Amino acid sequence: MLSSVRAAPAALGIRLASQVLPITRWMPFTLQQALLEPLLDRVLAAPLANGELDMLHGRWLQLTLTDLGLSWCVSRDRQGLRISQHQVADACISGHWQDF
């Protein structure tokens, strides 16, 4: 029962992402940033609280969604996750958005 309760937010997140991500490519980056940073902090709250994303302090990870033509650099600071449009990435991950 508990696993189905935990799966529900994930399924909702996937449905929401499938509707929002395709239109994101036409948004200015500042709007993407304003929407994605709080969303990432919420969705990844447990890993952030557990220190699982601390390796991103002072580092940039480039995420590229090849099927949508979107790319962001992600880092971590005291407030949470930050995204940037252009940074020198320490590592890169790319794939279709549903692979993530």
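Salt bridges and burial

Q: How does Arg82 count at 22% relative accessibility: buried, partly exposed or exposed?
A: Arg82 counts as partly exposed, at 22% relative accessibility. Buried means under 20% relative accessible area, exposed over 50%, and partly exposed in between (1.4 Å probe, protein chains only).

Q: What are the values based on?
A: This is a predicted model, in which local features need pLDDT of at least 70 and side-chain atom pairs count only at pLDDT 80 or more, while totals for chains, interfaces and linings use all residues. Residues are numbered from 1 along each chain as its sequence is written, and side-chain values use heavy atoms, with hydrogens and water left out.

Q: Why is the contact of Asp41 with Arg82 called a salt bridge?
A: The closest N and O atoms of Asp41 and Arg82 are 3.9 Å apart, and a salt bridge is a side-chain nitrogen of Lys or Arg within 4 Å of a carboxyl oxygen of Asp or Glu.

Q: What makes Asp41 buried?
A: The relative accessible area of Asp41 is 19%, so Asp41 is buried.

Q: Which residue does Arg82 also pair with, at 3.2 Å between the closest N and O atoms?
A: Arg82 forms a salt bridge with Asp77. Asp77 is partly exposed, with a relative accessible area of 23%.

Q: Which residues are linked in a network of salt bridges?
A: The network links Glu37, Asp41, Asp77 and Arg82.

Q: How do Arg76 and Asp54 meet?
A: Their side chains meet in a salt bridge, at 3.2 Å from N to O. Arg76 is buried at 13% relative accessible area, whereas Asp54 counts as partly exposed at 36%.
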